[in-house]
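Hello,

Here is the structure I promised to pass on to you. Please have it open while you read, and my notes on what turned up in it follow just below.

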Amino acid sequence: MNAFEALGLNEQLVQAISDLGFENPTPIQEQAIPILLSGTMDFVGLAQTGTGKTAAFGLPLLQLMNVAEKHPQALIVCPTRELCLQITNDLASFTKHKKGLFTEAVYGGASITMQIRNLRKGVQVVVATPGRLIDLIERKAIDLQKVKYVVLDEADEMLNMGFRDDIDFVLKNTINRESIWLFSATMPPEVRAISKNFMENPKEVTVGKKNSGNVNIDHQYFVTSAHHRYETLKRLIDFNPGMYGIIFTRTKADAQEIAEKLVREGYEIEALHGDLTQQQRDKVMSRFRQKSLQLLIATDVAARGIDVDGITHVINYELPDDIEVYTHRSGRTARAGKSGICISICHVKETFKIKQLERMINSIFHKLDIPTGKEVCRRQFFHFMDKLMQADTSHGDYETYLGDLQEKFASVSKEEVLQRVAALEFDHFLKYYENAEDLNVRSDFRDKRQNNFREAGPSNGRRDRGNYGQRGDSGYTRLFINVGTKDGFYKASFLQFILDESNLKKEVLGRIDMKEMNSWVEVDKSVASKMIKSLDGKRYNGRAVRMNEADGGFRKPSDERGNRSRPSASRERRF
Ligand code: AMP
């Protein structure tokens, strides 16, 4: 017997999923399907996107539909239009062999008249976003009287988006239902409240986070124009002098062309693509493994199966078309408990994909500014100086030269020596970046806010951070918190922590500045006190968390400058 049949699914559905290539049920399917097929049990599934949860509720739901009755019997509510369409598509592929079963997607931003017309044709399953659903209920364009099953998908996300009242309204308007099936990646108190207020002894199932983002990966993206992509790549490589990374391109031709250009410009990089013989491929890989190559540029196909330890950065020269490919690419870094960075160079039109990715891997992506030429030079400079200070002088007979050296440099100051060393090492860099242009493309709301912020700052020509520690025109309040990297936080996990604790959405955040012991967080003024209330006094790893407004005193702009000039800083990047 097929494993899906054993769960109680009928032949038509089993045939459809086998056409899709599903061989075995995923853990959530294995546990949920038999319970949901009963039809009468309330259910809470703690599972994320990528675990197969759509089929876990979709398959039993479709089996429970009575095709002879042409009115809504099932209602699936989900947070976004994209998810709404995705669920509808999945259901359509599951019902390939079942005649007379109709599903309609209703979501905002599309013609309501058309949706009403389609609903009137007689559908059994409605997949809806909350706002549009309420609109349809109020227009009496949808009849929920005979809805037996209500599915709330990504419930935590819906509540995060402020749909709490809408969900209550929907549940109050489906009084003849037999069960509610709630799916959520997390279980914040608001989700718990829905289960408490509307469900009866729900059966609860939790599955592992198959597709969850590795918390040690910091996902970053940079927005530039198409013709600045290559220059942006170079700048990001230059800004990270210790980088040991893989760059992904979509095509062989891109990988080859970019590698050739970079090699001509003095970078240690080779391309890995399908045109190489096995011998060439092995040679490239062995150089990369031994770190005599700093960078590898590859297509997804060529990089399949590559498993190299210690990769610090993965760079998406372009975002992949297939979101799942992103997970594979980013998973090349942050292995074995280490941390890593996954950088994506985006065109402004691609930024919508970032939102999809965030949802898919359940991680926050940080939009960063492409560093200026000056910032790159500074980073390189201090990296070099760090190396200088760490140079091993324990071997070799340096003593013999010291006398002569001292004589030679007797009239030269330490500063001058340093300057000359720097000039020797950095002349090409400084020249190259002397008049480097701004590669950033600014378009979204957050950018505009940041630009206003800058404009509101002192007019001394510094581009940013002009009014740290102050409140006012920026719209943000700067908060201090006594946790930092010492507490085991990486930026991504730190953001997750403060957002989870305060139950706020990432949109309220401005810049984050993490240090070893403390951090500073910019939050939208309107929610600053909520964040303080949620975090101040909490315990983290047995330590009391303290959060308060960084009211002018914590770090003045002059301190900021002071910090920036510390050689060891390998400076934290800006948000
Ligand atoms: P979901 O969590 O519903 O977004 O599903 C994630 C992906 O897994 C989708 O591309 C599904 O088509 C796929 N999928 C779901 N169930 C299975 C299964 N039992 N076997 C193989 N793939 C599956």
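D513 stands opposite W520 in β17, and M514 faces S519 of that strand. Before going further, please note that this is a predicted model, in which local features need pLDDT of at least 70, side-chain atom pairs count only at pLDDT 80 or more, and totals for chains, interfaces and linings use all residues. Residues are numbered from 1 along each chain as its sequence is written, and side-chain values use heavy atoms, with hydrogens and water left out.

Back to the strands. β16 and β17 (residues 519–524) pair in the antiparallel sense over 4 bridges, where pairing requires that DSSP finds at least two bridges between two strands. Strands here are DSSP runs of E with at least two residues, helices are runs of H or I with at least four, and both are numbered from the N terminus. β16 and β17 form a hairpin, with 4 residues between them. On the other pairing, β15 and β17 are antiparallel over 6 bridges, and Y476 stands opposite D524 in β17.

These strands belong to an open sheet of 4 strands, ordered β16-β17-β15-β20, with antiparallel pairing. β16 (509–514) and β20 (547–549) stand at the edges with a single partner strand each, so one side of each has no neighbour in the sheet. From one strand to the next, the twist averages 25°. Axes are lines fitted to C-alpha atoms, for helices over the stretch in contact, and angles run from 0 to 180 degrees between N-to-C directions. Helix α20 (residues 491–502) lies across β15 (476–481), β16 and β17, running at about 125° to β16. β17 is mostly covered, with 6 of its 6 residues buried (buried means under 20% relative accessible area, exposed over 50%, and partly exposed in between, with a 1.4 Å probe and protein chains only).

Next, the cores. A nonpolar core is a set of buried Ala, Val, Leu, Ile, Met, Phe, Trp, Tyr and Cys residues joined through side-chain atoms within 4.5 Å. The largest one has 40 residues, of which L9, L61, I76, V125 and W181 touch the most other members. Among the elements that each supply at least two residues of this core are α4 (53–64), α5 (81–94) and β6 (179–184). Apart from it lies another core of 33 residues, including L119, L136, I142 and V170.

How do α4 and α5 meet? Their axes come within 10 Å and cross at roughly 50°. The two helices are therefore oblique to each other (angles under 35 degrees count as roughly parallel, over 145 as roughly antiparallel, 65 to 115 as roughly perpendicular and the rest as oblique). The contact (heavy atoms within 4.5 Å) involves residues including F57 and L62 of α4 and I87 and F94 of α5.

Finally, two buried residues to look up. L182 is found in strand β6 and is buried, with a relative accessible area of 0%. L182 and F43 are 139 residues apart in sequence and 6.0 Å apart in space, C-alpha to C-alpha. S344 lies in strand β13 (residues 340–347) and is buried, with a relative accessible area of 0%. Not counting residues up to four places away in sequence, S344 touches Q220, Y221, F222, N316, L319 and Y326.

Best wishes
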